[in-house]
Amino acid sequence: MILTVTLNTALDVTYRVPSLRTGASHRVSEVTERPGGKGVNVARVLAALGHEVTVTGFSGGTTGRTLRDRLSEVPRLTDALVPVSGTTRRTVAVVDERSGTTTQLNEPGPDITHAEWSAFQEVYEDLLAAASAVALCGSLPPGVPVGAYAGLIRTARAAGVPTLLDTSGAALRRGVAGRPDVLKPNTEE
């Protein structure tokens, strides 16, 4: 089983409009919703390629319930998300059909308490026993320590599980200290 970690899961909402104009009202021609966050996206692709995948991270509120409902529809994907008191974020993409450009709006995510972070770490350690690899992906929600990925990488290394890290900014700079097996920075990083 491949384990993907998405600490800041999202419900990805995409609006298609004929032409996006700032400051104007728009009629939306199509709306789609799908489970999201970098690690969830990785998990969906791996499952589509025939791999058994487990998704962990945080989920809360009505948005989190919708996310989990949509994840349950994906064959070969197991939901091991940890419930939180806050609400899972949404990402909103507005596609301008005329130009083909996309405008992205990313919410910050729920505030994670110390108790929720501790609960996640326990679930993560348990999941490592069956994992052949771990992909740690995406941004950190508020309340999660900036060095979280370094600690999770060290925990996986101690369990003999190889890791991939795909994040940015301070989470990337601090995560490198954990010495992931594979590092996937973006072009600007």
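How many bridges join strand 2 to strand 3, and do the two run parallel or antiparallel? In this predicted model, strand 2 (residues 10–17) and strand 3 (residues 30–36) are joined by 7 bridges and run antiparallel. Thr14 has Thr32 of strand 3 as its bridge partner. Strand 2 is also joined to strand 7 (residues 89–96), by 8 bridges and in parallel, with Asp12 opposite Thr91. Strands count as paired if DSSP finds at least two bridges between them; strands (E, at least two residues) and helices (H or I, at least four) are DSSP runs numbered from the N terminus.

Residues are numbered from 1 along each chain as its sequence is written. Local features need pLDDT of at least 70, side-chain atom pairs count only at pLDDT 80 or more, totals for chains, interfaces and linings use all residues, and side-chain values use heavy atoms, without hydrogens and water.

Beyond four places in sequence, the contacts of Leu7 (heavy atoms within 4.5 Å) include Trp117, Phe120, Tyr149 and Leu152.

Buried residues (under 20% relative accessible area, 1.4 Å probe, protein chains only) of helix 4 include Tyr149, Leu152 and Ile153. The buried residues of this helix pack against strand 1, helix 3, strand 9, strand 10 (163–166) and helix 5. Just after helix 4, Gly160 has a positive phi of about 75°.

Technical notes: Buried < 20%, exposed > 50% of the residue type's maximum accessible area, 1.4 Å probe, protein only.
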